[in-house]
Each structure stands twice: as structure tokens, then as C-alpha cells.
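Q: I would like to go through this structure with you. Could we begin with how the terms are set and then turn to the strands?

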Amino acid sequence: MLRTTALVVLAAALAGCATQVPGEAVAGSLSPQIGPPLKTDTVSLRHDYEDSPQEVNDYWTEDRRRDADTKIVTPDDDPESPDTDGGTRPDAATGVVVDPSTGPVTDPTPVAPATAGDPFDATGLAASTQGRLYVTIGSDDYVCSATVVNAASQDVVATAAHCLWDFEGGTGWATNVFFVPADEDNGAVAPYGYWAAESAYGPQEFADNASTNSLGMVIGSGWTHDFAFLTMAPDDDGRRIQEVTGGQGIAFGGTVDDLLVTGYPAAAPFDGLDQRYCASDDWFVLQRGAFGIECAMTQGASGGGWLSDYDTVTGAGYLVATTSFRSPTELGAMPLGEDALALFTEAGGL
């Protein structure tokens with residue numbers, strides 16, 4: 001594993017809400033392994049859900065929420081693997097940035113470095129935008145984490161692609177996709193309501209070239225694209241999720257000086273009943289060019305937000321990645337870049 005502190009030159013920034021930078025986005029140097037984006041015939045793989053929000057809500061009974069399992073995803077630690085030798089690269093940086101719904105973050109007060117996965121005392125925007133994701137894959141129920149991001153459509157949630165994908169059963173997309181912002185006690189406490197997904201947007205590169213073995217180890221170049229977006233159905237009052245929760249900022253390759261990582265780890269020694277966090281001002285680079293930090297959070301934290309320039313006063317920051325895999329002492333996340341921007345745009349982000 002390459003451990004190198006890296007900074008990125010921000011090529012452009014947006015003033016205001018979800019509007020694209022005028023002109024051509026300029027790629028920055030996201031990591032020593034950065035290179036041209038991986039390309040397939042189609043960047044986006046979209047799935048529209050047929051079940052109504054009421055049907056999804058009815059599916060997730062108290063028992064099902066309590067019994068939902070975690071997905072095991074660990075890095076391939078074989079130094080001879082073609083995926084760990086620098087032959088695969090993360091999504092190319094663009095410099096495109098969307099500010100949080102509360103406005104640009106200036107002079108943020110960061111979270112002190114922490115690695116234990118302690119309970120997260122969310123403030124401001126963070127208290128409403130981060131939550132727990134419940135999904136069904138095949139005949140099994142699972143839990144992950146996710147974040148509401150500022151979007152023109154006001155209905156976009158970011159998570160990891162592996163939280164929505166069936167590697168073994170051949171069914172493709174997860175079903176019964178259900179998001180609970182500020183979830184506590186397996187959804188018993190839901191101060192911002194329950195939300196069902198209308199559509200999912202994942203990278204074709206991930207679907208074509210990502211898999212896991214029997215131990216949950218990641219296999220294939222597609223893991224460079226372990227990110228996805230959901231659009232959520234309106235609530236019973238016709239409100240979009242962002243009208244209720246607000247939305248975090250999102251950056252597709254920008255300056256990353258410090259990182260706050262949140263999620264709902266549910267594997268021992270955690271129980272998934274509340275949101276946890278790790279924070280670092282000295283991140284490093286893992287296999288495939290992933291962000292890496294020291295963190296004890298376990299499965300269930302997958303899909304949780306990696307926020308840069310997070311401000312403890314306003315609770316606002318910029319999503320730069322979502323949790324992808326874990327080792328016993330570290331978490332890894334793939335940077336959002338050019339293909340992630342294409343997905344976000346298709347989902348109604350810009």
C-alpha cells in the first residue's frame with residue numbers, strides 16, 4: 001500500500017448552489033496514481049424502482065430493520081495483485097464543486113483527529129443530512145450509510161455502489177431501498193422521516209469490473225468506481241428530501257486537507273444504533289488510489305460520507321468520497337471525479 005499525503009489543487013469553485021462551473025473543468029492531481037478516467041461504452045447504469053414509497057415503508061418493519069445484516073468488504077492485500085500495483089486509477093479529478101445548501105464553507109473549524117469510531121455529536125447541517133440506508137439484495141436485508149447532497153432536483157443521496165449491487169445472485173440492483181436521515185435505534189427514531197428511492201445511478205465500470213471473493217475481498221478494477229447516487233421519492237406532503245434535511249456540498253476532485261468520515265457501523269464491537277465518526281488531518285493513499293484513514297469503524301459504515309472542509313459550527317462540508325472497504329485498522333474510499341460527476345448530473349444534481 002502506498003501511504004503518501006497528497007493535496008489537490010482546486011481548479012474551480014461554484015458560487016451559490018448546484019450550478020456547474022462555466023467552461024471546461026480542469027483536472028487536478030488527486031493522488032500519485034491519478035490518470036485518465038476509466039472508460040466504458042456507457043458511464044451510467046440507471047435503475048428505476050417500481051414499488052411505491054408506501055410499499056417500501058411497509059416492507060421495513062421493526063423486525064426487518066433490526067435484523068438487517070452488513071456487507072463485508074475488505075481490501076485485497078495481495079501485493080502481487082494487478083489491482084494493487086498502481087495499474088488501476090481512481091476517477092479523474094474535475095475541480096467541480098457544489099456548495100452545501102447553507103452556502104459556501106469558509107474558514108471551517110475542523111473536527112479533532114479521532115480513530116475509535118466514537119458517537120458523532122452532529123451539529124447544524126450534519127444533524128439532518130447523514131443517515132442509515134436499508135436495502136434488500138436477493139432474499140437478504142442489509143444496512144449501509146448515506147448522505148443527502150445539495151442538488152438542483154433536491155432529491156439526491158450519495159452512497160457506495162457496493163451497497164446497492166448483488167455480486168452473487170445475479171439480480172443486479174438492490175430493492176426496497178429505504179433511507180432514514182439521523183437514524184437512531186434501527187429506525188425507531190427518525191426525526192427527518194423515512195424516504196424510499198425512486199431511482200439508482202451507478203457506474204457501468206463498477207457493474208462490469210467489480211466483484212468480491214468468499215472472504216469479502218474486493219476484486220477487479222471496477223472498485224475505483226465504488227460510488228452511486230439515489231433519487232428519493234417525495235414524502236406524503238410532496239416535499240423533496242433536501243427541503244427537509246438540507247444538503248451537504250460535494251466536490252469532484254478538489255482540495256482535501258482534512259477528512260471527517262461518518263457512518264453506522266453495525267458489526268462488533270458496534271451495534272448500528274447510532275452514528276459514529278473518525279477524523280483525520282493526515283490521510284494517506286491506499287490501493288487503487290483510494291483515500292485512507294486510520295479508523296475502527298466496521299461494516300455498516302459502508303457508503304458513509306467523507307467530508308472535507310467540514311465545519312463543526314455549521315455542520316457543513318464537501319463530500320469527496322463514500323466509504324468503500326475496511327481493514328482491521330483502516331477505512332478506504334474512492335474519490336469522486338469525472339464519472340461520478342456524470343452520474344450526479346444525470347440524477348438531477350446539476
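A: A residue counts as buried when its relative accessible area is under 20%. The model is predicted, and by that cut-off 58% of the 350 residues of the protein chain are buried.

Q: What does the secondary structure of the protein chain come to?

A: The protein chain has 6 helices and 20 strands.

Q: Which strand runs parallel to β19?

A: Strand β13 (residues 249-252) runs parallel to β19, and 2 bridges join them. Within this pairing, Gly249 has Tyr318 of β19 as its bridge partner.

Q: And how does β18 pair with β19, parallel or antiparallel?

A: Strand β18, residues 305-311, pairs with β19 in the antiparallel sense over 5 bridges. Leu307 is bridged to Leu319 in β19. The two strands form a hairpin with 4 residues between them, and Gly315 in the turn has a positive phi of about 70 degrees.

Q: What about β20: how many bridges join β19 to it?

A: There are 5 bridges between β19 and β20 (residues 330-335), and these strands run antiparallel. Phe325 stands opposite Gly332 of β20, and a hairpin of 3 residues connects β19 to β20.

Methods:
Residues are numbered from 1 along each chain as its sequence is written. This is a predicted model: local features need pLDDT of at least 70, side-chain atom pairs count only at pLDDT 80 or more; totals for chains, interfaces and linings use all residues. Side-chain values use heavy atoms; hydrogens and water are left out. Two strands pair if DSSP finds at least two bridges between them. Buried means under 20% relative accessible area, exposed over 50%, partly exposed in between (1.4 Å probe, protein chains only).
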